[in-house]
Amino acid sequence: MAAPAFLRTVLERRLSEPARVWWTTTAEEIARGVSTNRFCALLSLASRHAPTDALQASAVEQDQATRTVPGLNLERWTLRDAARVGLITSRSDLHDQGGVSAILEAFRFADEGECCALLRSLALLPRGEDYRWQAGEGCRSNMLSVFQASACDTPYPAEFFDDVGWNQAVVKCLFVEAPLWRFHRFDQRMNADLARMALDLAEERRSAGRQVRHELWLCLGGHEASRSHDALRQEIAPDNPHGRGRSAAAYALARAGAIEELKSLRATESDPQVAAAMDDALAGNTDASRFRLLDPESPE
Amino acid sequence: MRFFDAHIHMTSRTTDDYENLAKAGVRAIIEPAFWLGQPRTSVGTFIDYFSSLLGWERFRASQFGVTHYCAIGLNSKEANNESLAREVLDILPRFLLKEGVVALGEIGYDEITDAEERAYQEQLRMAVEYDMVVMVHSPHRDKKRGIIRSLDVAEECGLAMEKLVIDHNNEETIQDVLDRGAWAAFSIYPHTKMSSERMVEIVKKYGPDRIILDSAGDWGISDPLAVPKTARLMLESGIDSSVVEKVAWQNAIDAYGASGQIDAEGLLKTPVVDQTQLYADNSVLRGQAPRMDSPVPN
Ligand SMILES: [Zn+2]
């Protein structure tokens, strides 16, 4: 097997000449078949050839990636991630137990950067179900880089996590304040249990006098209608100084179908940013990806 | 002034220590793999320990703006459990090429047994094969003989002397180490190894070349601030700041930089904690004055 064309293109354009030669030779070596020890060593050696500069994929390159793997977002990949994922996907035996075993062995001995690259590669691998436990471990990590490589910007969790794993990853994301809107197919994985967990967390935070993470309101949908409604009303109240939370609550009200109430709140809204969120939500833009607009880390 | 602690076991230390290191100007550290106090009984616990040096501990350090490097190796004490040592040596190469591994270490002698020597030799050969720096722990008992033997065996195994750091030196051993062309590290460690005052005298006598300071801070009564404290005492004793800078910063970078794993320019920049990678708003870089009450006692 060869690495996907979009990855090879991205790497060819960015690696220095010596690094490009190393990568190409190494990818060919891996494709011909290498021992697991050698495979792991080559993944490590990538750190000596490919820098950790942001990949900065162009719109066209991202589009090619999305067409190959729907839901794969290269926005926060580094060049080193791309080089490693390219090497991992160069294996010719990924459909066989031998290939799976080598990937699992690489996980076992992975350092932080290798672990992130392995997690990013999962959405590109056949036999995705064989890596469920590794992806779950990634979400259990307290290293934020590892957690996010497993949970964010990849279609893997939505496809392979059960509800317990999914809900735990979502709520952990709120705890560690990672961007929840980066969970692919978030809206398709909504469930009543998640809404309940989110509402419990909101109450716990409010009891403790702490701010509620604005993305928590993404988790409600139409579930737990009366509790949700009460919590959102409290959040969107004009005396809440947390503007991002109020904007998020506006989207959440629309997501729960409370359009008439949102319209009447809009009529008296004085904060221009909250008003803009209300307008956006009333125009029907209510999917989870809209929360990108509320992400302080995300340049729009 | 900025400092490099070239030997400290942060796994055994608390976040208070990280906070104090950062405040005192310790920008970078090396954590060598060592004995955990309790002997290990299976290779899996070594694998997890090495992985934690590369993963969790480095992440923890980064939360405080401290750059964490490590050395990976089978320590001399546990080399005496020969069947376990065999298994550890077999998996060791898996870790040697990882990011941030600046040396093979700390290895060498404890009781100077045959088993220790075999493990030491095998690891020296690995270091030659992987073109690595070696950090040698010198024994507490029979130290001088242990150090001379460490030097001899390293030479026999073909290790270039500029890739050899002998640690835990004292007044009696420094000359042998320097004469061979190796680096001489000193662990400023209360009550057993070396005190700040004695270190001042050593630097006055020998100058700064190929001398490296470290704290060897671990689970014992030790002082993670030993490097900045000793540097301060050196300055107060009239030692030139360029000399202090060498032994408390630059020499460690020069010695371990041979690994290709130290971004010397990056270390000069004011540490910035990547906010997107910050766990639960954990940050200590708020510019308070370091807590530096007294030099390390003898
Ligand atoms: Zn030590």
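This is a predicted model: local features need pLDDT of at least 70, side-chain atom pairs count only at pLDDT 80 or more; totals for chains, interfaces and linings use all residues.
In what follows, a residue is called exposed when its relative accessible area is over 50%, and buried when that area is under 20%. Good morning, colleagues.

A:Gln56 sits in the loop that runs between helix 3 (36-45) and helix 4 (59-68) of chain A. The backbone there deserves attention, as phi of A:Gln56 is near 50°, a positive value in a residue other than glycine. For context, most residues other than glycine have a negative phi.

B:Ile112 is not a glycine either, yet has a positive phi of about 60°. B:Ile112 is placed in the loop between strand 4 and helix 7 (114-129) of chain B.

Let me remain with chain B and turn to the metal site. Which residues coordinate the zinc ion? They are B:His7 and B:His9, each through NE2, and B:Glu106 through OE, at 2.1 to 2.2 Å. Along the sequence, these donor residues follow the spacing H-x1-H-x96-E. The pair B:His9 and B:Glu106 links distant parts of the chain, being 97 residues apart. B:His9 belongs to the loop between strand 1 (3-5) and helix 1 (15-23) of chain B, and B:Glu106 to strand 4 (residues 101-108) of chain B.

In general, most peptide bonds are trans.

A further buried residue of chain B is B:Ser187, which has a relative accessible area of 1%. B:Ser187 lies in strand 7 (residues 183-187) of chain B. Neighbours within four places in sequence aside, B:Ser187 is in contact with B:Asp167, B:His168, B:Lys193, B:Met194, B:Asp214 and B:Ala216. From B:Glu122, B:Ser187 is 65 residues apart in sequence and 26 Å apart in space, C-alpha to C-alpha.

I now return to chain A and its helices. Helix 7 (residues 112-121) of chain A is mostly covered, with eight of its 10 residues buried. Among those buried residues are A:Cys115, A:Cys116, A:Leu118 and A:Leu119, and also A:Glu114 and A:Arg120. What do the buried residues of helix 7 of chain A pack against? Their partners are helix 3, helix 5 (79-88), helix 6 (97-108), helix 8 (132-140) and helix 9 (144-151) of chain A.

Helix 1 of chain A contributes A:Phe6, A:Val10, A:Arg13 and A:Arg14 to the contact, and helix 4 of chain A contributes A:Glu61, A:Gln64, A:Ala65 and A:Thr68. By class, the residues of this contact are three nonpolar, two polar and three charged.

Next come helix 15 (residues 259-267) and helix 16 (residues 272-282) of chain A, which pack at an angle of about 150° with their axes 10 Å apart. Helix 15 and helix 16 of chain A are therefore roughly antiparallel to each other. The crossing of helix 15 of chain A past helix 16 of chain A is left-handed. On helix 15 of chain A, A:Ile259, A:Leu262, A:Lys263, A:Leu265 and A:Arg266 take part, and they meet A:Ala275, A:Met278, A:Asp279, A:Ala281 and A:Leu282 of helix 16 of chain A. This contact comprises seven nonpolar, no polar and three charged residues.

Finally, the axes of helix 12 (residues 192-207) and helix 13 (residues 225-236) of chain A come within 11 Å and cross at roughly 40°. Helix 12 and helix 13 of chain A are therefore oblique to each other. Among the residues that meet here are A:Arg196 and A:Asp200 in helix 12 of chain A, and A:Arg227 and A:Glu235 in helix 13 of chain A. The residues of this contact divide into two nonpolar, two polar and six charged.

Thank you for your attention.

Definitions and conventions:
Residues are numbered from 1 along each chain as its sequence is written. Chains are lettered from A and ligands numbered from 1 in the order in which they are written. Side-chain values use heavy atoms; hydrogens and water are left out. Donors are N, O and S atoms within 2.8 Å of the metal (3.2 Å for Na, K and Ca); water is not among the atoms, so sites may look incomplete. Helices (H or I, at least four residues) and strands (E, at least two) are DSSP runs, numbered from the N terminus. Axes are lines fitted to C-alpha atoms, for helices over the stretch in contact, and angles run from 0 to 180 degrees between N-to-C directions. Angles under 35 degrees count as roughly parallel, over 145 as roughly antiparallel, 65 to 115 as roughly perpendicular and the rest as oblique. A crossing is left-handed if the near helix is turned anticlockwise from the far one by less than a right angle, and right-handed if clockwise. Contact means heavy atoms within 4.5 Å. Ala, Val, Leu, Ile, Met, Phe, Trp, Tyr, Cys and Pro count as nonpolar, Asp, Glu, Lys and Arg as charged, and the others, Gly among them, as polar. Buried means under 20% relative accessible area, exposed over 50%, partly exposed in between (1.4 Å probe, protein chains only).
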